[in-house]
Amino acid sequence: MQDNKPLVVGLAGFGTVGGGLCRLLRENADLVRRRCGRDIRIKTILVRNANKIREVETPAGAALVEDAAKIYADPEIDVVCELMGGIKPAKDLIDKALEHGKDIVSANKALLAEDGLGLFRKARKLGRALRYEASVAGAIPIVEILRESMSGNRITSLIGILNGTSNYILWEMTAGGLDFATALQQAHDLGYAEADPSLDIDGIDTAHKLTILIRLAFGIDYPFSSLYVRGIRDVSALDIRFAGEFGYNIKLIGQVRDVGEEGAPRLEAGVFPALAPKPSLMANVRGAVNAVRVDGNASGPLFFNGAGAGALPTAGSVLSDLIAIARYDRACNTGYDDSGLKKADIVPRAEWNATYYARVMVDDAPGVLRDISGCMAAHGVSVAQMIQKTETGQHAVPLVFMTHETTDLAMENALKMAAKKGLLREPAMCMRVL
Ligand code: NAP
Ligand code: HSE
């Protein structure tokens with residue numbers, strides 16, 4: 001039965017996003033009422049430390065608690081909104097809340113990527129909603145777009161800048177001249193970074209989000225643990241400068257392409273830093289902004305961009321899920337029958353095709369250029385452009401080149417050969433070009 005009594009929320013987490021949600025609910029209270037015909041009221045907030053001094057005012061009438069049972073077992077609470085992060089306590093809370101008949105809203109991409117299928121099955125079996133718009137790309141409504149708006153399309157590829165922190169760091173290193181550590185500290189201070197920022201800079205957060213997007217786009221289970229993941233720790237100011245000279249900006253991207261036949265998808269998917277041509281939309285995504293480009297067989301290419309992290313942009317997406325539940329919208333979790341999603345047919349990374357940027361540090365001596373070119377040729381890699389940057393007084397000099405199309409495997413083997421021949425003064429840097 002549908003009625004217009006307030007939707008009662010148990011909120012787990014009163015940090016960046018939880019605080020943003022409380023602020024937004026207060027500021028947009030009239031709008032929320034007009035949008036869903038009833039109020040949304042936060043009754044209880046679960047935190048680690050209820051005595052902590054907080055910047056955001058506690059919502060009127062809400063109690064701060066440290067015992068999860070006060071949320072999941074309270075019969076008056078309709079929805080548990082999980083904004084605390086982490087896998088273990090968050091999963092236990094959601095499991096118990098579903099068993100107690102609650103609907104769920106979560107922004108926890110780590111949990112949804114690694115354990116989401118079990119939770120979706122459970123929610124479906126119990127007839128509950130499990131909504132997660134805020135888990136991917138902050139304010140961009142990409143979950144809804146893939147699940148609903150593009151459901152008439154066969155998706156052929158998706159590429160995204162999905163981590164605000166990494167994009168902020170790369171952008172500030174490119175446009176602001178900041179060093180990596182300073183840019184990371186700023187991203188943390190602005191509320192973009194995860195509690196453990198290695199999730200951001202090692203590409204894991206992007207991989208969590210990509211796993212969720214693959215399910216939504218293809219209705220396929222591509223296990224998070226099978227994704228190729230590489231972060232931005234080894235992207236140096238030198239690479240940013242050379243990429244710029246070749247006409248590119250470096251971006252951390254998550255990408256999936258269906259290279260199979262119609263009805264028999266084969267997916268090539270991974271997370272890695274890549275060179276985006278400066279005139280492209282992707283190359284110009286600034287700061288903590290996220291972007292997703294989706295290609296559908298009917299729509300053609302679509303490009304979405306907007307705030308990818310931070311309190312209010314993320315809270316806006318959380319609130320849209322609460323409003324949907326307040327409207328008794330029971331949209332299914334992945335948009336496919338997720339009681340038994342098929343496992344992905346995965347294209348091994350060695351077979352991926354692309355053009356590459358590579359930088360090697362070599363001795364400034366006769367014959368070195370020839371020897372490096374020889375390693376490339378030995379593995380069928382054709383070099384399109386090469387520059388050597390000689391700086392006086394330097395023992396090792398950077399040799400930078402762009403290749404014609406080749407495979408990941410050929411590139412890897414060519415660079416391994418150069419290392420084995422003792423030509424490299426430090427490990428080679430190699431990135432795909434978009
Ligand atoms: P945060 O600022 O670190 O806040 C976490 C909150 O959860 C805190 O209030 C903390 O309590 C509470 N908490 C953590 N572990 C708990 C536990 N075991 N028991 C009870 N309470 C616990 O985190 P956040 O940035 O808001 O992120 C929350 C979730 O949203 C994460 O899953 C994150 O990945 C996701 N997300 C974040 C953003 C963003 O821009 N920040 C964007 C999209 C999605 P105390 O306050 O007492 O410490
Ligand atoms: N740490 C994440 C990011 C938060 O930087 O994108 C948003 O999911």
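This is a predicted model: local features need pLDDT of at least 70, side-chain atom pairs count only at pLDDT 80 or more; totals for chains, interfaces and linings use all residues.
I started with Arg-349, whose charged end sits over the ring of Tyr-228, 4.3 Å from its centre (the rule asks for NZ of Lys or CZ of Arg within 6 Å of the ring centre and within 35 degrees of the ring normal).

Residues are numbered from 1 along each chain as its sequence is written, chains are lettered from A and ligands numbered from 1 in the order written, and side-chain values use heavy atoms, leaving out hydrogens and water.

Next I looked up ring pairs (Phe, Tyr and Trp, its six-membered ring, with centres within 6.5 Å; planes under 30 degrees apart are stacked, over 60 edge-to-face, the rest tilted). I found four aromatic pairs. Tyr-228 and Trp-352 pair edge-to-face, at 5.9 Å centre to centre and 85 degrees between the planes. Tyr-228 is in strand β9 and Trp-352 in the loop between β14 and β15, so their pair ties together parts 124 residues apart in sequence (strands are DSSP runs of E, at least two residues, numbered from the N terminus). Ring pairs also bring Phe-272 into a cluster with these two.

Is Trp-352 buried or exposed? Trp-352 is buried, at 2% relative accessibility, whereas Tyr-228 is partly exposed at 23% (buried is under 20%, exposed over 50%, partly exposed in between; 1.4 Å probe, protein chains only).

Last, I traced an open sheet of six strands, β3-β2-β1-β4-β5-β6, with parallel pairing (at least two DSSP bridges between two strands). Its edge strands are β3 and β6.

Technical notes:
Helices (H or I, at least four residues) and strands (E, at least two) are DSSP runs, numbered from the N terminus.
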